[in-house]
Amino acid sequence: MPLSGTLVEYRPPIAIPSLPSRQGCNCRSFNIDKGVNLASRKSVALNVSRNLDIATNSVSGNSDASVGFDVPFPGDYSELLEQAKGATELALKDNKQLMEIEFPTAGLESVPGDGEGGIEMTGSMQLIREFCDLLISPEKATRTRIFFPEANEVKFARNLAFGGASFKLDYLTKPSLFEDFGFVSKVKMADRVKQGDELFLVAYPYFNVNEMLVVEELYNEAVANTIRKLIIFNGELDRIRSGYYPSFFYPKLAALSKTLFPKMETVYYIHNFKGFKGGTLFRCYPGNWKVLRKVRGKYVCLHEQEEMPSLKEVALDILPSA
């Protein structure tokens with residue numbers, strides 16, 4: 001499947017006033033091990049349980065969520081999944097109902113478009129299986145429904161990554177007579193959800209614009225005003241946030257930034273910016289949003305703040321000014 005290009009292109013440094021909200025950053029640097037490992041289980045250098053205990057104390061009540069919580073940029077995908085699992089568990093404890101997990105699958109330092117679209121989706125599918133095995137206990141597996149973008153991907157997912165799993169696999173859209181022209185049929189979410197479902201995970205809903213609209217329907221009809229939870233996994237939601245889809249042509253999709261996204265917690269996030277003054281926007285719940293740059297093999301924190309900065313702010317102000 002094709003995949004669109006990078007959301008934000010790197011531009012040479014230009015003189016732009018510093019953002020009023022920028023804060024001083026007193027971050028440590030982290031050693032990074034090279035290499036990508038999609039499937040292996042290894043001991044993670046980060047002491048996850050210790051950090052989770054600290055973070056749980058910090059988010060109780062209405063205290064500052066970032067106090068005592070500092071997670072290093074992951075060295076490989078095994079560590080990334082452990083971090084994402086820990087962040088999600090904390091968000092669930094804090095009763096977050098709609099969550100986002102977003103990171104590149106063509107390499108931890110890659111950007112959208114570095115890998116071929118189908119390969120990136122396949123990578124996400126394999127990582128979703130590993131993530132679910134880490135996060136969801138066996139007794140909860142049958143109460144977890146994983147939605148893939150299209151009906152024909154469910155069979156592919158069972159053969160590739162979910163063979164023998166107890167998770168319920170489902171889909172958001174199904175092919176229509178005009179599939180060759182990019183048209184698909186919406187699926188009524190009320191017909192897909194079952195009474196025993198407790199957790200929904202939506203896999204990379206970005207190939208067709210209808211997919212995220214169906215996700216909104218899923219949230220409104222099956223999650224809101226219930227105890228269910230919904231996780232959007234590698235949905236490339238920055239395309240919508242950044243105006244990649246013009247509101248004039250895609251008014252319903254653009255409206256998600258005002259209707260659905262304010263209800264969502266981004267629990268784990270990595271977005272890379274290439275170029276001489278490139279870097280990485282990183283967040284692991286409940287910590288702050290951090291702008292990192294790799295210097296002599298170590299990631300150094302250039303800036304941090306509580307709210308998510310726009311990709312434009314990071315690319316055109318924070319990184320060039322650092």
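User: Which residue in β10 does F282 stand opposite?

Analyst: Quick heads-up: this is a predicted model, where local features need pLDDT of at least 70, side-chain atom pairs count only at pLDDT 80 or more, and totals for chains, interfaces and linings use all residues. Residues are numbered from 1 along each chain as its sequence is written, and side-chain values use heavy atoms, with hydrogens and water left out. Strands here are DSSP E runs of at least two residues, numbered from the N terminus, and two of them pair if DSSP finds at least two bridges between them. Strand β9 (residues 279–284) runs antiparallel to β10 over three bridges, and F282 sits opposite K290.

User: How many residues link β9 to β10 in their hairpin?

Analyst: These two strands pair in the antiparallel sense. The hairpin that joins β9 to β10 does it through four residues.

User: Which residue takes a positive phi in the hairpin of β10 and β11?

Analyst: β10 and β11 pair in the antiparallel sense over seven bridges, with W289 opposite Q305. Their hairpin has two residues between the strands, and the positive phi, near 50°, belongs to R296.

User: Is K298 exposed or partly exposed?

Analyst: K298 lies in strand β11 (residues 298–305). Exposed means over 50%, and partly exposed falls between that and the buried cut-off. K298 has 36% relative accessibility, so it counts as partly exposed.

Methods: Buried means under 20% relative accessible area, exposed over 50%, partly exposed in between (1.4 Å probe, protein chains only).
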